[in-house]
Amino acid sequence: MSPTPIPVPADLVELLDDAAFSLQQLARACAMPPDWVHTRVEAGVLQPLAGGGVAEWRFASSTLVRARRIAELEHTYDADPQLAALAADLMEEVARLRRELDRLG
């Protein structure tokens with residue numbers, strides 16, 4: 001059974017652009033310190049959009065979902081960042097494949 005989308009009134013929807021979050025905002029949204037985000041970027045687990053130095057990093061709203069999932073996996077299973085990222089990759093791939101199956105009927 002697939003989940004039923006919940007309708008949201010148009011006046012309550014706020015669209016996020018592709019560079020929605022700074023490093024500080026992403027860290028706050030994940031309830032993690034900025035160093036946590038910085039470490040995951042340096043490890044290649046999270047990817048900022050094009051930008052120069054750390055102060056200029058911007059993250060897509062999709063990165064927020066990934067970052068929260070990784071933080072939860074690390075906390076719940078005491079997983080290292082690479083293992084949590086691999087699990088997140090697999091979860092994202094399963095979701096993509098399910099969408100493809102639904103599309104194909």
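The protein chain exposes about 7600 Å², and carbon and sulfur atoms supply 58% of that. Those areas come from the Shrake-Rupley method with a 1.4 Å probe.

A word on the source. This is a predicted model: local features need pLDDT of at least 70, side-chain atom pairs count only at pLDDT 80 or more, and totals for chains, interfaces and linings use all residues. Residues are numbered from 1 along each chain as its sequence is written, and side-chain values use heavy atoms, without hydrogens and water.

Now the layout. The protein chain has 4 helices and 2 strands. Both are DSSP runs, numbered from the N terminus: helices are H or I with at least four residues, strands are E with at least two. From the N terminus, the order is β-α-α-β-α-α. Of the 105 residues, 27% count as buried, meaning under 20% relative accessible area with a 1.4 Å probe, protein chains only.

Let's take α3. This helix covers residues 61-77. Its buried residues include Leu64, Ile70 and Leu73. What covers the buried residues of α3? Among the elements are α1, α2 and α4.

Next, its partner. The axes of α3 and α4 come within 9 Å and cross at roughly 125°. Axes here are lines fitted to C-alpha atoms, over the stretch in contact, with angles from 0 to 180 degrees between N-to-C directions. On the α3 side, the contact (heavy atoms within 4.5 Å) includes Arg66 and Ile70. On the α4 side, Ala84 and Met91 are among the residues.

Key
The expected span of a helix is 1.5 Å times one less than its number of residues. Buried means under 20% relative accessible area, exposed over 50%, partly exposed in between (1.4 Å probe, protein chains only).
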